[in-house]
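Hello,

Here is the structure I said I would pass on. My notes on it follow below.

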Amino acid sequence: MGDSKQLAARGKGVVATRIRENAIYFIVVGIFIIFAIFLRDKGFLSAVNIMNIFRQTAMISVMAVGFTFLLASGEFDLSVGSTVALCALIGALTLQRFGIAAAIVAALVTGAFVGVINGALVVKVKMPSFLATIATSGIIFGFARWITHLQAVPVTNPKFTYVFGAGNIGPISTLFIWTIVVVAIGHVIMANTSFGRKVLAAGGNKIAATFSGINVNNVKWLLFIAMGMIAALAGLLYTGRLNAARYTYGEADLFTIVAAVVIGGNSIYGGKGTVIGALIGSIILGMINNGLILFGFSVDQQIIFRGLIILVAVALSPKD
Amino acid sequence: MNNNNDTILEMVNINKDFNGVQVLEGINFDLKRGEVHAIIGQNGAGKSVLMKILSGVYTRSSGKIIIDGKEVNYNTPMEARKKGIGMIFQEFSLIPTMTVARNIFLNREPKRGIFIKDGEMIKDSKQTLEDLGVDISPKKILKDLSVSHKQLVEIAKVVSQDRKIIVMDEPTASLAQAEVLILNKVIRKLKEKGISIIYITHHLREIFEICDRVTVLRDGKKILTDNISSTDMSQIIEAMLGKKIKEIIKFQTEKPVKRSGVAMLEIKDLDLGGKEKVSFKLWPGEVLGFAGLMGAGQNKLVKAIFGIHHELPKEMFIKDKKINIKKPEDALKYRVTMVPEDRQAQGLVVDATIKANVIMSILDRIKGALFLNERKANDTAKKYVEDLNIVTTTIFKKVKLLSGGNQQKVVISKNLAADPDIMILNDPNFGVDIGSKQEIMQLIRKFGDSGKSAIFISSEFEELARVCDRVFVMKGGSIVNEFVRDAGPELSEELLVHAAQ
């Protein structure tokens, strides 16, 4: 049969795709080795510096998990950055008056609320998520500036700062633990649950998923809510780590999150989802950032460099 | 090879391999001026590769292409077009948001300075369409046209570019019977103008109506080229399949359907906008067909049952229990599944694996407390790959790498996995090779024989006549006729075609 011939021909393509799909792991190791060699005198390999990389990338990694799910389902959330700020401020304000438990609940509820609205706009009003979340992003950012009149909200509760980012268990930062926990949960949901398959089906072909009895709208709505809550968690982590909540948190994060997720091998066209890939993407960006600092590049130069890296990553990523 | 001026195209000793795997072997093909030449073959026989070489999408490994007596060399579709080769694909190359005229003149609009001369464009489009004997307003927005009219616009677009050779890849795949007649008329007009047509189709009957010669490919080799008048259906099928098959296999049940007691499904007063509302009962063990021209209502009808057109007023009963299906999710709960009309757009996640597609509608049924039961998922996928004879090396192969027939079997597997009581099949044999078609028909029959019920729509009435226990004929949104197997006139294609006109 001609079929079998074509199949054999396609077999080679499969191998090539496999290599391409796993290129990310080689890249992360490659960069690590290069930096380890060229920056060995500047302490790149020191335990403190390595933990620093994880500390700096924790919030991005955590949010990249939620973003991976949204992207896999074929949606965007451009309001994550401003949600981080709003939730951080609301969390910090609540903490001042009502304590830790209330602060956590308040931040998460705020994030979830944002998700409910974003989801409703996309699922019920049928707006493209790209536009809907640009709009809500502006509104949320305005609120974040407004509630404290641009003032930072200091946080002194030691228990809070310990749990959310400033603390260490032995040599390990609590930020690192948060990262691992969220990534692990995200990975398991994506890879091992029926919900994960529904997300991929929704993003792969919405109509086919609907015809298969999957409630695509509910799946997406849930993902927006989860994204909002993860952004809230990131807001708490920023607050804990920096001992204050500020309206500027998360401002530049969207860029980095998208970069991490795409570098990690996720398609912006939906239907694919690798949480581990997103984590690796985030670590690559963190490592490069760290390396550039150790090399002595200025902040401006770092930003330009990061843009270039994203271009290269996207150019190399599979297009179909 | 004849080299007189009657021959517009010759493809000589064409070979093509992909990474060393030979997919075309020494193909010789010639096309005469004003000829309609059919290319026939099962999926994977090499038809589309050959046409992609002709149209510059693929480059041949060796061989010559001679157009008008001159050897030509080109490597891109653009260059092929310049040599006068036009392609009409199954997927239309039209922009849905533009008018007919703008589509026909896309990227070569008549201009004055920088401004498009809309009036001239509309006039010329109108002329082209009229020449083809087609009544479509050039000012209409494309997406408002029916599929068949879109197809005719596509043809008009190619014709207006003065192509000498037009390749039509399954032009009738999405057309109903009456519309095929319009297309045939258009093809005759093209012939009169001296345009040569290469006609690829799975519908063998068509080639006897419209084609002058036929070439059959099998496994990358040419098996025969002959005048239509000196060959016949069984000879062509034999060349295609490489073995003799019985000409028409009827898939009939041994157990007659019992049409009394509790019906599997009852539809009452479904308003499809026709003269009369639609009411019928579907019985256990019954394969119920709906015949009709495109737009006669059968499509809307199944979508109403499946919860896509839930807004259409109706009453529904499953096993005498009144129910309401508002969305496909509800349908699945009542064990109603559907094989949709467009398998790629509606039936499959083509970038996902066979396994992922097969288990898509049973995700919640094969999960444990927290996690998906992978073993059950794999076993389910393997079972259907085996049962339905899906040709693949592994259940982890991406569906887009399968042939059309095998893709459709994946869709049907997904349906069967959901263990439906009622399976709706909306033109499941669309663009499927003959072998798979037989298997799909067999599956539908087996499904009915197991005591379940199927609703079967097909644009090929022959299929309905072969497999259904009963066929309703629809016209203008109403049921106008009912034929029951073994009661009254024999259920045949002719009978249904006649009733649907």
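In β4(B), S62(B) is the residue that bridges to N15(B). Please bear in mind that this is a predicted model. The two strands concerned are β1 of chain B, residues 7-18, and β4 of chain B, residues 62-67; five bridges pair them in the antiparallel sense. Both strands belong to an open sheet of four strands in chain B, with the order β2-β1-β4-β5 and antiparallel pairing. At its edges are β2 (21-32) and β5 (70-72) of chain B, each of which pairs on one side only. On average, and with direction ignored, neighbouring strands in this sheet are turned by 25° against each other.

A helix goes with this sheet. It is α1 of chain B (residues 47-54), which lies across β1 and β2 of chain B and runs at about 115° to β1(B).

Chain B also has an open sheet of six strands, in the order β18-β19-β20-β15-β21-β22, and here the pairing is mixed. Its edge strands are β18 (336-339) and β22 (478-484) of chain B, each pairing on one side only. β18(B) and β19 of chain B (residues 422-426) run parallel and are joined by four bridges. Within that pair, L425(B) in β19(B) stands opposite V339(B).

Helix α6 of chain A (residues 158-166) packs with helix α10 of chain A (residues 216-242) at an angle of about 115°, and their axes are 7 Å apart. The crossing of α6(A) past α10(A) is left-handed. From α6(A), the residues that take part are F160(A), T161(A), V163(A), F164(A), G165(A) and A166(A); they meet L236(A), L237(A), T239(A), G240(A) and R241(A) in α10(A). Sorted by class, this contact of α6(A) with α10(A) has six nonpolar, four polar and one charged residues.

Last, the two chains touch. How many residues does each chain bring to the contact? Chain A gives 28 residues and chain B gives 36 residues. On the side of chain A that touches chain B, α1 (2-38), α8 (194-204) and α9 (206-211) of chain A each supply at least two residues. The largest share of that side, nine residues, comes from α1(A). By class, the residues on the side of chain A that touches chain B are 10 nonpolar, 12 polar and six charged.

Regards

Technical notes: Residues numbered from 1 in each chain as written. Chains lettered and ligands numbered in written order. Predicted model: local features only at pLDDT ≥ 70, side-chain atom pairs only at ≥ 80, totals over all residues. Contact = placed C-beta atoms within 7 Å. Nonpolar A, V, L, I, M, F, W, Y, C, P; charged D, E, K, R; others polar. Pairing = 2+ DSSP bridges. Axes fitted to C-alpha atoms, helices over the stretch in contact; angles between N-to-C directions. Left-handed = near helix turned anticlockwise from the far one by under 90°.
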